[in-house]
Amino acid sequence: MTIVTVEETIAANANDVFKTLGDFGRIKVGGAITAFELEGEGVGAVRTITMGGGQVIERLDEHDSEKLVFGYSILNEDNPLPVSNYSARVEITADSETACTVNWSGNFEPKGADEAAASKVVRGIYTRGIAGTREALGC
């Protein structure tokens with residue numbers, strides 16, 4: 001099992017970061033993402049992200065707005081990402097009223113790529129997600 005962790009500080013309130021980053025339906029069409037669909041709400045919701053000539057189907061497995069934690073997993077092994085048996089968890093820790101730390105960690109088996117290449121793709125998803133949160137919050 002391969003584990004990738006990205007930990008970054010964001011100059012924003014932890015609750016605001018959680019509301020943005022933890023919004024399972026927040027993914028927007030654009031760039032590599034050509035379509036997006038969300039079914040259901042809360043834990044158990046399933047989102048389908050169309051990208052790279054295929055679909056990534058993810059389920060929200062955990063979402064706790066008090067602990068500022070959420071987790072999700074990829075349901076379909078035929079996804080275009082170089083991973084299988086993928087799950088991830090995001091924890092947000094308040095450092096002050098105006099700063100927090102995001103710890104985004106995922107584990108998976110590399111698929112169709114070596115461990116370094118698969119890890120680079122996953123790390124890129126996490127860093128872009130955190131950067132998008134900064135942009136959305138203007139920080």
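Tutor: On a 1 Å grid over the protein atoms alone, a pocket is an open set of points where a 1.4 Å probe fits, with protein on both sides within 12 Å along at least five of seven lines, and lining residues have an atom within 4 Å of a point. A volume is the space filled by probe spheres set on the points, which are joined across faces, edges and corners. The model is predicted: local features need pLDDT of at least 70 and side-chain atom pairs 80 or more, while totals for chains, interfaces and linings use all residues. Residues are numbered from 1 along each chain, and side-chain values use heavy atoms, without hydrogens and water.

Student: What volume does the largest pocket have?
Tutor: A probe the size of a water molecule, rolled over the atoms, shows where empty space is left. For the largest pocket, the volume is about 820 Å³.

Student: Which element gives the largest share of the lining of the largest pocket?
Tutor: Helices (H or I, at least four residues) and strands (E, at least two) are DSSP runs, numbered from the N terminus. Elements that give two or more residues to this lining include strand E4 (54-64) and helix H2 (115-137). The largest share, seven residues, comes from H2.

Student: Which residue meets Glu-8 in a salt bridge?
Tutor: A salt bridge is a side-chain nitrogen of Lys or Arg within 4 Å of a carboxyl oxygen of Asp or Glu. The N to O distance here is 2.9 Å. Glu-8 lies in strand E1 and its partner in helix H2, so the pair ties together parts 126 residues apart in sequence. The partner is Arg-134.
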